[in-house]
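These are my notebook entries on one structure, kept in the order in which I looked things up. I begin with a single residue and go on to cores, helices and backbone angles.

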Amino acid sequence: MSDPSLWEQHAGWWQREFTDGADPEYEEQILPLIDHHLGDARRILDVGCGEGQVSRRLAARGAAVVGLDPTVAQLAVARERGGSPHYARAVAERLPCRSAAFDAVVMCLVIEHIHPFEPVIAEIARVLAPRGRFLLLLNHPLLQTTGSGWIDDQILEEQYWRVGPYLVDDPGTEEVAPGVELPFMHRPLSRYVHAMGELGLLIDDMDEPAPPPGFLAIATEYRDAAAIPRLMLIRARRV
């Protein structure tokens, strides 16, 4: 479990920079992907809901949505911004939900901030109904590894995307903005796949979308690496 005090401390930063239409990656890519994969789900659990933008989006499509988050400051804003989701304070390792209660669970850019992650997957499998869907969105486990990035080598006259150490679990912190340090746990993709498979969450779709135009327009340092995905989406079904 990550340090909840850090999330309380930086909740305002997240709300300003990434919610309520502020972030082109969410607006142009993440939220439409969630619509596509969960648009027909009726009972949805949003684990690590933050200030509720995913929950609100799904509820607006007619789903009954429960959003859970351990951060008081995020939940306060989620409730202020309204909509029909029900919000509660909880950690992902102990979901306060009955077994088989949902036909879909979404976890968006959360699992990398939790260590260990296996109890979370077990809880998600528990609360999913048979054939229910688990939608996991995370930073690309290979191409966004700590130490990865675009290299413009002036000596060798080469440009390439450097990949950091991939096979090594790396629990630590990352400075995601000046003065904002948050826990970030890199793991190889196989760790997630094995954990899900052991609990009957079998992958039936995956996506590695290119960065959207709105992101590339403001992230000038990424334009030369426009063919390098930042995000990975994994969809699994409970069997």
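Entry 1: I looked up Leu182 and found it buried, because its relative accessible area is 3%; here buried stands for under 20% relative accessible area, exposed for over 50% and partly exposed for what lies in between, with a 1.4 Å probe and protein chains only. Leu182 sits in strand S9, residues 180-186, where strands (E, at least two residues) and helices (H or I, at least four) are DSSP runs numbered from the N terminus. I note that this is a predicted model, in which local features need pLDDT of at least 70 and side-chain atom pairs count only at pLDDT 80 or more, while totals for chains, interfaces and linings use all residues. Residues are numbered from 1 along each chain as its sequence is written, and side-chain values use heavy atoms, with hydrogens and water left out.

Setting aside neighbours within four places in sequence, I listed the contacts of Leu182 (heavy atoms within 4.5 Å) as Leu6, Trp7, His10, Trp13, Gly172, Thr173, Glu174 and Val176. His113 is 69 residues from Leu182 along the chain, and their C-alpha atoms are separated by 7.8 Å. Pro183, also in strand S9, is buried with a relative accessible area of 5%.

**Entry 2: Arg133.** Is Arg133 buried or exposed? Arg133 counts as buried, because its relative accessibility is 10%, and its place is in strand S5, residues 128-139. Its side chain makes a polar contact of 2.9 Å with the side chain of Asp40, the term being a pair of N or O atoms within 3.5 Å, where within protein one must be able to donate a hydrogen and the other to accept it, and residues adjacent in sequence count only if both atoms are side-chain atoms. The Arg133 side chain also reaches the backbone oxygen of His37 at 2.8 Å. Not counting residues up to four places away in sequence, Arg133 touches a list of residues including Asp103, Val105, Arg235 and Arg237.

**Entry 3: Gln144.** I then turned to Gln144, in the loop between S5 and strand S6 (149-153). A polar atom of the Gln144 side chain lies 3.1 Å from the backbone oxygen of Pro229, and Trp161, Tyr222 and Ile228 are among the residues that Gln144 touches, not counting those up to four places away in sequence.

**Entry 4: nonpolar cores.** A nonpolar core is taken as a set of buried Ala, Val, Leu, Ile, Met, Phe, Trp, Tyr and Cys residues joined through side-chain atoms within 4.5 Å. The largest has 32 residues, of which Leu45, Met107 and Phe134 touch the most other members. The elements that give two or more residues to this core are strand S1 (43-47), strand S4 (102-108), helix H5 (118-127), S5, helix H6 (189-198) and strand S11 (231-238). H5 supplies the largest share, 5 residues. A second, separate core of 26 residues includes Tyr26, Ile30, Ala104 and Leu233.

Entry 5: How do helix H1 (residues 4-18) and helix H4 (residues 72-80) pack, and at what angle? I recorded an angle of about 40 degrees and axes 8 Å apart; axes are lines fitted to C-alpha atoms, for helices over the stretch in contact, and angles run from 0 to 180 degrees between N-to-C directions. H1 and H4 are therefore oblique to each other, since angles under 35 degrees count as roughly parallel, over 145 as roughly antiparallel, 65 to 115 as roughly perpendicular and the rest as oblique. Glu8, Ala11, Trp14 and Gln15 in H1 meet Val72, Ala73, Gln74 and Val77 in H4.

Helix H3 (residues 53-60) is largely enclosed by the rest of the structure, because 6 of its 8 residues are buried, namely Gln53, Val54, Ser55, Arg56, Leu58 and Ala59. Just after H3, Gly62 has a positive phi of about 105 degrees.

**Entry 6: backbone angles.** His115 and Pro116 are joined by a cis peptide bond with omega of about 0 degrees, and Pro116 belongs to the loop between S4 and H5. Asp20, a residue other than glycine, has a positive phi near 60 degrees; Asp20 is exposed at 59% relative accessible area. For Glu157, phi is near 55 degrees, and Glu157 is exposed with a relative accessible area of 72%.
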